[in-house]
Structure formats: C-alpha cells, structure tokens
2 protein chains.
Amino acid sequence: MPVRITIVCWALVAASVFAQSPDPLASWNEGPRKKAVLDFVAKVTKEVSPDFVPVAERIAVFDNDGTLWCEQPMYVQLAFALDRVKAMADKHPEWKDKQPFKAVIEGDLKTLAEAGEKSIVEIVLATHTGMTTDEFAATVKNWLVTAKHPKFQRPYTECVYQPMLEVLAFLRANGFKTFIVSGGTVDLMRPFAEKVYGIPPEQVVGTTFKTKYELRDGKPAIVIQPQLDFLDDKAGKPVAINKFIGRRPVMAFGNSDGDFEMLEWTAAGSGPRFGMIVHHTDAEREYAYDRKSHFGRLERGLDEAAKRGWLLADMKNDWKVVFPPTK
Amino acid sequence: MPVRITIVCWALVAASVFAQSPDPLASWNEGPRKKAVLDFVAKVTKEVSPDFVPVAERIAVFDNDGTLWCEQPMYVQLAFALDRVKAMADKHPEWKDKQPFKAVIEGDLKTLAEAGEKSIVEIVLATHTGMTTDEFAATVKNWLVTAKHPKFQRPYTECVYQPMLEVLAFLRANGFKTFIVSGGTVDLMRPFAEKVYGIPPEQVVGTTFKTKYELRDGKPAIVIQPQLDFLDDKAGKPVAINKFIGRRPVMAFGNSDGDFEMLEWTAAGSGPRFGMIVHHTDAEREYAYDRKSHFGRLERGLDEAAKRGWLLADMKNDWKVVFPPTK
C-alpha cells in the first residue's frame, strides 16, 4: 500500500479508536490492581519504552478453576464427573453396590469425601476415558448447556468472572496471546473455551490422558485411554508451559497454590513480568476461601505474594461485578 | 471505526494489493500441484463458497525433516548429535574406548550404522538431556550458525525448501495458522523455526523428553531428563495434533511414511481437506529417494497417495528452485 494511503488509513483508524475508547477494564474498581494491569500493558507495548516486549513474546497464561471461572463448592470437572456417573448408571448396574459409585448415585457426598482422592480418580477415569475425543467433546457440550451451578442457578459457562474476561480481551487487543494453563483436563475445557473466553483449542494447556490413534470401522479415531498422561498442576505447570508454549510468559494469573510455580517461573524471566492472584474474598457474591479450602487452597501464595511482587486481586473490593449478565 | 471509513480503507488496501499481487508461489512451476494449492486456498477462504472454512479452523500442519528442510545424508538432528559428541568428548574421556561414542569420535560411520537404533538413542540422550532448556537452546543456536551441510556447504537453516517457505507464507497470508508436527525434538526446532519458517515456538509440535522444574541456586530452571516423554512419529502424529492443537487440520504436508497417519487423520475430517507429500526426485539439486531410504522412507504414501487424493509434489519437475538464495 502506498505510504500516503497507509498514513491516511492509520490516522482514520486512530481517530475513531480514540473517539470511542471505552474503559477496557470497566468491571474493575479504580485502585492499585486495575492501575497495575493498565500500566504494565502500557509500558510493554510502547515501542520507545525500555520495557517494550515484541508482539511475538507477549504470552499471558491463566489458570482456569478459580481464576477464570468458579471452582466452588467443587471443581466444575468434578460436578461433571458426578453427573456422568448418574447418567451412565443404567449401563453399569454393578455401580449400585460398588463404591465410590454407589455414594455418587445416592448423592451421599459425605461418604464420597471420606473415600478420598483414589476414589475421585476412579470416578474421573470411568467418566472421562474409553471413548473417542469427538464423543467426549459432544458429551461435555451437552452437559454444559443443561447443568446449572447449585448456588447461582446459571450455566457454569456463565459462572465465569466478568473482570477476567475483560483482562483477557484487553490483553489480546494489545497483541498478547492468551493461554489457559489449568489443572483441569484439556478435553473438558476446549469445547467451551473458544466461545466463552475467546481462547482457541490450541491455546488450552491442561491435564491430559493418554490417547490412541486407531481405525474404527475404517475411520480414524483418537480414543482416550484410562491412563493419566500428564498432570498439569504445581511444578507441572511450568513444565507444561515449556512443552506446549515453548517460551516464558510475560504475565501469569492464578488463584491457588497450584499456580505458585507458574507464577514463579513467569516472574523469574528477565525484563518486565507480571503476576496476579485472584483472592476469593467475597462470600456474598461468590465465595470466600483461601488457606483452608479443599478446592483452590491458597496459602503459600498469600504469604509470599507481597515479597515476590505479585498482586492480590481482592474480589470483594476490586471487582464491581463478579459474573457477566445472564443470557 | 465508522462503516464508511472502513469501506474506504478496505477499498484502498484491496486496490493496492491487487496492483502489486506478485505470484505467491513463484518458485513452483505451473502445473497441477501449484494449481491445487492455489485452488484449495481460494475455495476455503471465499465466504460465499460451500467449502468456506472460518479463520479459526484454518490449521495447516507440516512435517519438518524432508518436508521443510533437507534430511539427507542424515537427519539434521543426528548430525547435531554427532557433532555434540565430538565437542563433548574432552569432558568424557571414557568415550574414547566406549561404543557407540568411540565410532563417532573416530568418524567411523560404518560401525555406527551397524550399531543400530539403540546406539543412536544412547547418543541422542547423552547429547540432548541433562541440561536446562535454556542451555540446550543456546547450544543449538551456536551450532546452527557454524555447522554446514556436507553436500551444499551452507548452514542447515539455508537448506530449507524455498517452495515450501512460499506455501507457509501464502497460507498465513490467507488466515491459516501453520504448525510443525515433526519427529524431531521440539528443543531442536524451536530455536530456529520462528526466524526461518515464521513459525513461533507455541506452534512447534514434536518429540519431547521428560523435563523437571527445579530451583538451581534459587533460580527456577527446567531441566531435560534422559527419558523420552513422547515420540511424535507415525500414529503419534495425530495423537500429538489432538493433544497440542486440539482440532483437526485442514491441510497437511509430509514426505515420508512417518507422516501417513497425520495425512490420514487430516483427510478424514468432514469438509474440504488437503494432503500433500513432497517426493524427493531430484538427485542433482537435492536427493532422490523414497522406498529404500533409511531416512524419510516413503512407501505406503507412494502406493496410496492417488487413491486417497493426496498430491505428490515432484521436487524435480514442480520446483523451480530448491533452496533460497544464500545469505
């Protein structure tokens, strides 16, 4: 394009952008956390800034459970697994007398909680593996349109945090690539992450099961095996970031100690780095929990955030609204 | 931006693009293969076309060895490993008397070839693991600026195929995301793929070693372990595509039977799909090999390409030039 036309075009674009320019973080109250996000993005995107980061290196990673969507009273993935046990019970008559399935079918959450982690793994394997990836994705999509959050009585995909959706959009508008790096499984997140978060499947990193390529009736299929491939939590998160993304993020957002190493790895890079922890302080509009929570426990992060220069977003005081308007 | 300004801008852009419009595949001779690439991209990018593919789904995957760069007389990764053995020999005096290292140090390729795959694995583990990811990336970068291809006497990063660079750029200009899906290790490819192919680290899929996150002198590091994590070859390729990309590609490019399942998986998707195999037919300008080659053997692909609707790019007759101009 001839230089003069280019300049005219850019001038028109710039003029119209400035004319509109709504607040990109409208759901954040004015204060140090909102300012920190705006200031950081301003300094890394200004070419004359000593902290300038080229577009290709603008990688931002987000935990999912408790950072982008609600993880109480239990992880959404666990709610899905429990619902699946009930839905699959007809085809598994033996579950009526077999723990932990019996407890799930009878809604006996006390017995289930006492049964511990091994039982949860058993339930997850029974409900998440043994089918093709396409079949599982269809099951997730169906569930997400019917299941409702017990407290908020709205679909789980509407129990996402409006202020964080704004951060995602704001970063992308400033040349960042946004990734999910979650302890949840990729198979559960990919069917909705693009529509709900604007994050495409290839930018969803998470826990995986082993899979197998095979021909079913002559048609290629990828079948999910009942064997863990990779657990994307704690020190697994920087390992996954290296494996899947291959460069160190500039910004990291988490909410629990499962995100500690991801924030640590991000912050230890040279040049400007940004770490933020969503602190659940809002018992009324969402939940208030940290050190003693079973899901999304936050202890070390709370103790060390200040000295490490990570921000604690205070849900109750920093967020004007928690969830987007109902659809 | 107001609608009228948008239209004016786009009209100016479109006019100037058409005014210039150089041949995007200038290094391809006119013929059915060049036409197939151009026609396919035209039909999937035209919104009114029944074969239209939205931008988000425009995923194209490329094998690396033999598809994007030269894999003869041996895989570049193997040449790197052999050079590393020599460079590291000072620190490993025991290698002088220990096979397969002895053979490498003495340049005895016959003994090495006879030693078989187990020895190769031993050499690869000794040269690719035990250091941090940053250290390994620095070693690769140093090697790539000094090592030269034995036949072409130019850096390996200039033994890439100019016609394929044009395909990569052409697809990206049409909204495709281009990925490498290679049997080579990601650690070897990422340090050069962005500069040479325009493919960022997060779009490089390949073989991986297990890694471990640890603090070294209080500084976080990711250390490569002497254990294979995932072999990205044959049926491993669709498995990796599912794991890393999470959606089925629309186009796939390979050159050996190691790419068969990747092409098969791509082609089996609904809607328009494109598969191409680079056939090495040019003994003079590059190499001629297929069914009997030790590296990049192509047998099943050659037998089945026609009936599966995959194109065979004939290097000798389809490509005007093989490599880019020397730098």
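Predicted model: local features only at pLDDT ≥ 70, side-chain atom pairs only at ≥ 80, totals over all residues.
Residues are numbered from 1 along each chain as its sequence is written, while chains are lettered from A and ligands numbered from 1 in the order in which they are written.

**Exercise 1. Two copies**

Work out how chain A is related to chain B, and which elements of chain A touch chain B.

Step 1. In the interface, 35 residues of chain A are in contact with 35 residues of chain B (contact: C-beta atoms, placed from the backbone, within 7 Å).

Step 2. On the side of chain A that touches chain B, two or more residues each come from helices H1 (3-20), H9 (186-197), H10 (236-245) and H11 (260-267) and from strands S3 (204-216) and S4 (219-230). Helices (H or I, at least four residues) and strands (E, at least two) are DSSP runs, numbered from the N terminus. H10(A) gives the most, with six residues.

**Exercise 2. Two helices of chain B**

Describe how H3(B) packs with H5(B).

Step 1. Helix H3 (residues 76-88) of chain B and helix H5 (residues 109-128) of chain B have axes 9 Å apart, at an angle of about 60° (axes are lines fitted to C-alpha atoms over the stretch in contact; angles run from 0 to 180 degrees between N-to-C directions). H3(B) is therefore oblique to H5(B) (under 35 degrees is roughly parallel, over 145 roughly antiparallel, 65 to 115 roughly perpendicular, the rest oblique).

Step 2. B:Ala81, B:Arg84, B:Val85 and B:Met88 of H3(B) meet B:Ile123, B:Val124 and B:Thr127 of H5(B).

**Exercise 3. One residue**

Is B:His279 buried or exposed, and which residues does B:His279 touch?

Step 1. B:His279 lies in strand S6 (residues 274-279) of chain B.

Step 2. B:His279 counts as buried because there are 22 C-beta neighbours inside 10 Å (buried: 20 or more other C-beta atoms within 10 Å; exposed: 12 or fewer; partly exposed in between; C-beta atoms placed from the backbone).

Step 3. Leaving out residues up to four places away in sequence, B:His279 touches B:Asp290, B:Leu312, B:Ala313, B:Asp314 and B:Met315.

How values were computed. Contact = placed C-beta atoms within 7 Å. Least-squares fit on C-alpha atoms with pLDDT ≥ 70 in both.
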